[in-house]
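Visitor: I'd like to go through this one with you. Where do we start?

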Amino acid sequence: MSTRQIASVAVFIALYAVIGQVIRFIPNPMVPGAIIALNMTVVVIAGILLGPVAGLLVGALGSLLDGVIRGSAFQLWAIGPHAVMGLAAGLLARLNPTVAALAIIVGHALNIVVYLLVGLLPASQVAVAIFWTGLLVETIIDLVVIWLAVALLRPLMRTASTA
């Protein structure tokens, strides 16, 4: 990784943690004790714009930093899922950047599995329709945010790399 890429990864990690602090008081109606995870979009955006390794690093280190700052078990257990999500976004972006936004679904799915396995998400909660409705709405919002951010940031990233 070049110095510019490392700096970009650091900015995305900081952005992930900052968004985590801003949204920390927005409760997630689907999962008791969790928040709406809009900072997950930062991981996918980093993967799409900077590549799979950057996406992996932003997912892992952003989750770690945010989890430590907040003292959030949800965030700390999300380190692995978010790293995989960032990697998937970077790999999918090589095929099609628009489709790569769907890596957010990978992150949500892995989070659900991990949270179920460690007991942060009660299995009874997954059986409730509002859980799936809320997840669908959150995912749609995530996709819109990702597509808008990539559409706005990609030209800036290209300009910065040629400067």
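Guide: With a term: helices (H or I, at least four residues) and strands (E, at least two) are DSSP runs, numbered from the N terminus. This is a predicted model, in which local features need pLDDT of at least 70, side-chain atom pairs count only at pLDDT 80 or more, and totals for chains, interfaces and linings use all residues. Residues are numbered from 1 along each chain as its sequence is written, and side-chain values use heavy atoms, leaving out hydrogens and water.

Visitor: Which helices supply at least two residues each to the lining of the second largest pocket?

Guide: They are α1, α2 and α9 (129-162). A pocket, on a 1 Å grid over the protein atoms alone, is an open set of points where a 1.4 Å probe fits, with protein on both sides within 12 Å along at least five of seven lines; lining residues have an atom within 4 Å of a point.

Visitor: Which one gives the most?

Guide: α1, with five residues. The lining includes S8, F12, V42 and M157.

Visitor: Switching to α7, which residues are buried?

Guide: A103, I104, G107, H108, N111, I112, V114 and Y115. Buried means under 20% relative accessible area (1.4 Å probe, protein chains only).

Visitor: And what comes just after α7?

Guide: G119, with a positive phi of about 85°.

Visitor: What does α5 pack against?

Guide: The buried residues of α5, among them P81, H82 and M85, pack against α1 (3-23), α2 (40-50), α3 (52-70), α4 (73-77), α6 (97-100) and α7 (103-118). Contact means heavy atoms within 4.5 Å.

Note on methods
Buried means under 20% relative accessible area, exposed over 50%, partly exposed in between (1.4 Å probe, protein chains only).
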